[in-house]
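Student: I have a model open and want to check the labels put on it. Can we go through them one by one?

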Amino acid sequence: MPQNLQAYQPFTTLEGVHQLLPMGPVASQEAIKLLGTNGGGFFNANSAHPFENPTALTNLVQMLAIFLIPAALCFAFGEVVSDRRQGRAILWAMTLIFILCVAVVMWAETRGNPHLLTLGADSSLNMEGKESRFGILASSLFAVITTAASCGAVNAMHDSFTALGGMVPMWLMQIGEVVFGGVGSGLYGMLLFVMLAVFIAGLMVGRTPEYLGKKIDVREMKMIALAILVTPTLVLLGTALAMMTDAGRAGMFNRTARL
């Protein structure tokens, strides 16, 4: 991938078409995009662009970079609270949810899109919106990783996934992107669900809920409920406002997106 400050380079394709070859500090921006889970690509196609993600090896490195810091923070949490088991328990919970999500998306995408069959297209595999150099499995894995970690980098167009395959990334975002999550935000987001689970379990067994030796009382539960409900509330308000505009209503009838 390029790393320079040069102007765009003109070139001629094998078909004889004249184009401009984009240049710029791509490599350095990739590190920020992935390790910092920022997601914004140097090019519009993001990690689907060959200058940002040219090979299967770079694709693997990018996926590992997205999860590197969020996963490490689980171990850091165990060290901070002087109980490594707590950090490992959170990591295992995140990993289990992640594996299930990957399996669902891969299964859905390898089943194909039945709507394309009505148009006479072969849809035994849903390759629409995916790079052939990555294929379905690597694209599905990348989609789950980037939405689980609140990164935003993509190597395939999620709008072209099947209904079930696209639902999983949406669900990961709507629960607050806490499955590994962003740098720091995933850990404290998951801790909210941990304390909620501990509180409910404490009520079920008839004892005062405690986590890490601290009691979870009414005030803590109010703050937890507020933090968990703020995301769906904002989503619903944003959707309602969008449906009040002509552009928002037009999107509901985007036949291409529904296919």
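Student: In the hairpin of S1 and S2, which residue takes a positive phi?

Tutor: Gly-16 does, with a phi near 85 degrees. The hairpin has five residues between its strands. Bear in mind that this is a predicted model: local features need pLDDT of at least 70, side-chain atom pairs count only at pLDDT 80 or more, and totals for chains, interfaces and linings use all residues. Residues are numbered from 1 along each chain as its sequence is written, and side-chain values use heavy atoms, with hydrogens and water left out.

Student: What makes S1 and S2 a pair?

Tutor: Strands are DSSP runs (E, at least two residues), numbered from the N terminus, and helices are runs of H or I with at least four. Two strands pair if DSSP finds at least two bridges between them. S1 (residues 9–12) and S2 (residues 18–21) have four bridges, in the antiparallel sense, so they meet that definition. Phe-11 stands opposite Gln-19 in S2.

Student: Why is the contact of Lys-130 with Glu-109 called a salt bridge?

Tutor: The term needs a side-chain nitrogen of Lys or Arg within 4 Å of a carboxyl oxygen of Asp or Glu. Here the N to O distance is 2.7 Å, so the pair qualifies. Lys-130 lies in the loop between helix H4 (114–117) and helix H5 (135–148), and Glu-109 lies in helix H3 (residues 84–110), so the bridge ties together parts 21 residues apart in sequence.

Student: Are Lys-130 and Glu-109 buried or exposed?

Tutor: Buried means under 20% relative accessible area, exposed over 50%, and partly exposed in between (1.4 Å probe, protein chains only). Lys-130 has 9%, so it is buried. Glu-109 has 0%, so it is buried.

Student: What makes Asp-83 buried and Arg-85 exposed?

Tutor: Asp-83 has 17% relative accessibility, so it counts as buried. Arg-85 has 58%, so it counts as exposed. The two form a salt bridge, with the closest N and O atoms 3.3 Å apart.

Student: How many salt bridges does the structure hold?

Tutor: Seven. Glu-30, Lys-33 and Glu-52 are linked in a network of salt bridges.
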